[in-house]
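Subject: Handing over the two-chain model

Dear colleague,

Please find below the structure I promised to pass on to you. My notes on what was found in it follow directly after.

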Amino acid sequence: MSEEILAPLAGKIIQMDLEVGKAVEEDEEILVIEAMKMETPVFAPCSGTIKEIKVKKGDDVEEDDLLAIIED
Amino acid sequence: MRPYFEKMADFGRELKKSQLKQTAKNRETLEAAEAEIQAQVEGVKNAGFPTDKINARGQMTVWQRIDYLVDPGTWCPLHMLYNPMENDEGTTNVIDGLGKISGKWAVIIGFDNKVMAGAWLPGQSENILRVTDLAKRLNIPLVWLVNCSGAKLTEQEKFYANRRGAGTPFFRHAELEQMGIPVLAGIYGTNPAGGGYQSISPTILFAHKDCNIAVGGAGIVSGMAPKGHFDLEMAAGIIEKAKHFKAQPPGTVATHYDETGFFRYVFEEEQGVLDGLKDYMKAIPAYHPKFFRVAPPQSTRFPSEDIYSLLPMEPKRVYEFDQILARLVDSGEHMEFRPDSGLEVYTGLCKVDGFLVACIGNRQGYLGKDYPEYADYPGFGGKLYRQGLIKMNEFVTLCGRDRIPIVWFQDTTGIDVGDAAEKAELLGLGQSLIYSIQQTDVPMMLVVLRKGTAAAHYVMGGPTANRHNAFTLGTVASEIYVMHGETAAVATYARRLVKEEAAGRPLQPVVDKMNELAQDYHEKSRPLFCARTGLVDEIVAIKDLRRYLTAFAGAAYQNPKSICPQHQMILPRIIRG
């Protein structure tokens, strides 16, 4: 079973610590989006393994853009 | 009202190992900053003569007196670093805080007899007025440990006179007494002139056998009758008189116990004075906590130490306020007021040590699509918008109606600005909140978690609400200023830049000034600056925040001036619907 990680807000990805195959824990911070001079961390919605990554550091994203997919 | 309060809704989530690991550096940064603040506090504690020297004179230090007087584990110091006039001594020379004596909360203040025998110093009267205000707001006794050699004469022009000068506390003592708030005083050492009024203005005087209190002390009595100059003959006379008055100072126990009876009691030992204060505190009017508790006291559901992982030192970093609050209140339970409105602000009822308290705090981060509803730009927590201001107005007003003390938590960049915000009435709604606070006669305290900025610092129960704000705490992440330094630099120099460019002159000198101003703002908003200047009443270690909340709640409910029966409260019903 897989779960999509969506951008919670529009902004620029300024930090990212993700690679395909990496195991992550629920609530683990996986990237940071900067918008309105604030840095918003994005957390893994569930524990699992990173199956796909759709963005890279420096990308601008819109709200609800697909960032990555986690597989249980 | 047991069904409402015994078990409220859970909130907050346990931190995962990965989160603790990812936030380890933040924790280290916060703890290192707290160690720096603590080093400053130790400097104040060690000001003046060493403890051994005071003890060798047969005296206890103010710290030893406080330690003996206050119930173990209840001391919550305030104003430790307060030094608004930048005294060389590093202190205003009074030590104060909240603590329990014989099981009852009191505001406690004592002169530091290690420093110039407890002299008046610049800034001290302002410190004392904060303390008398605190006793007044919480309606609890003020307990003095008087040991005051009078004014530091070489700096008298800085504090002796004026509207809030060194005489003002005596009027405040009278005010407290007229309100039915007792002022107890243990009196030690030599207390001439100002020290004499410090001694005589309280309600009941407990004297040590070697103390004296007087309108004028030995020094002044031996130097009276000025002749316009000094000469050697006069110097010899002064020496003779000084020796006499040192041996027989005015206002000893022989006068003020045996003759005037000003001293209610005299004690042979220093500790006897403190025992006398403890004994009288047993007789102070105070409700048993069970009178007001809404549930048995509970510890927090998650460790308060988690907050070192949850509160980012980095000011741009977004975090979850609810997660922090859940670690400060009993059992991680609450009743949130209007969760679907005013998303940038948390308002809710929580329990602290079994007492009902109202909590208000800034939420952080993106607030979702179409919020604020009046603007075409996204809303971010930390800012205040129309709905949040209305929600706080309602909540505060209902807390006043139900007589529930309020704890504010600030991390705010200000109220939303721009024409859309003006049309949304934010200017009026901010002042409405001030009006609501002013007419809500319950004790309030504030924790500036991170930013206290712009008018939002005023309208969210800041110290400017000084009839209601009992005290304000900061953390090592706090920063307080009218606006960010870079914003201030732009506001100050934008027009200058335009002019310089139009004149064809180099811009670098203006840019340099902008950087200087931004740096100055940074330095004058740091926690240490805030504590020294009184923008906060204490910088508190994060692990100690819960203890201060407990002291506030216990003190606020000890002897409240006004009561709402729990079963007649309306706010819990509004929340439940």
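The angles themselves run from 0 to 180 degrees between N-to-C directions, with axes that are lines fitted to C-alpha atoms, for helices over the stretch in contact. Helices (H or I, at least four residues) and strands (E, at least two) are DSSP runs, numbered from the N terminus.

As to provenance, this is a predicted model, in which local features need pLDDT of at least 70 and side-chain atom pairs count only at pLDDT 80 or more, while totals for chains, interfaces and linings use all residues. Residues are numbered from 1 along each chain as its sequence is written, and chains are lettered from A and ligands numbered from 1 in the order in which they are written.

Helix packing in chain B

Helix 6 (residues 124-138) and helix 7 (residues 168-178) of chain B have axes that come within 9 Å and cross at roughly 10°, and the two helices of chain B are therefore roughly parallel to each other. Counting two residues as in contact if their C-beta atoms, placed from the backbone, lie within 7 Å, helix 6 of chain B contributes S125(B), I128(B), L129(B), T132(B), A135(B) and K136(B), which meet T168(B), P169(B), R172(B) and L176(B) of helix 7 of chain B. By class, this contact has five nonpolar, three polar and two charged residues, where Ala, Val, Leu, Ile, Met, Phe, Trp, Tyr, Cys and Pro count as nonpolar, Asp, Glu, Lys and Arg as charged, and the others, Gly among them, as polar.

The sheet of chain B

Chain B has an open sheet of seven strands in the order 2-3-4-5-6-8-10, with mixed pairing; two strands are said to pair if DSSP finds at least two bridges between them. Strand 2 (76-78) and strand 10 (265-267) of chain B stand at the edges with a single partner strand each, so one side of each is left without a neighbour in the sheet. From one strand to the next, the twist averages 20°. Within this chain, strand 5 (residues 142-146) and strand 6 (residues 183-187) of chain B pair in the parallel sense over five bridges, and L145(B) has G186(B) in strand 6 of chain B as its bridge partner. Helix 5 (residues 62-69) of chain B lies across strand 3 (94-101), strand 4 (104-111) and strand 5 of chain B, and runs at about 170° to strand 4 of chain B.

Two backbone details of chain B deserve a look. S102(B), in the loop between strand 3 and strand 4 of chain B, has a phi near 55°, a positive value in a residue other than glycine. Y371(B) and P372(B) are joined by a cis peptide bond with omega about 5°, and P372(B) is found in the loop between strand 14 (365-366) and strand 15 (380-381) of chain B.

Overall, chain B contains 23 helices and 22 strands, and its C-alpha atoms fill a box of roughly 85 × 75 × 45 Å along the principal axes.

Chain A and the contact between the chains

Chain A has zero helices and eight strands, and its C-alpha trace spans about 35 × 20 × 15 Å along its principal axes. An open sheet of four strands in chain A has the order 5-4-2-7 with antiparallel pairing, and strand 5 and strand 7 (60-61) of chain A stand at its edges, each with a single partner strand, so one side of each is left without a neighbour in the sheet. Strand 4 (residues 29-35) and strand 5 of chain A pair in the antiparallel sense over six bridges, with E29(A) opposite F43(A) in strand 5 of chain A. Strand 2 and strand 4 of chain A are antiparallel as well, over four bridges, and K12(A) has E34(A) in strand 4 of chain A as its bridge partner.

The contact between the chains takes 13 residues from chain A and eleven residues from chain B. On the side of chain A that touches chain B, the largest share, four residues, comes from strand 5 (residues 38-43) of chain A, and the residues of that side divide into five nonpolar, one polar and seven charged.

With kind regards

How values were computed
Parallel < 35°, antiparallel > 145°, perpendicular 65-115°, else oblique.
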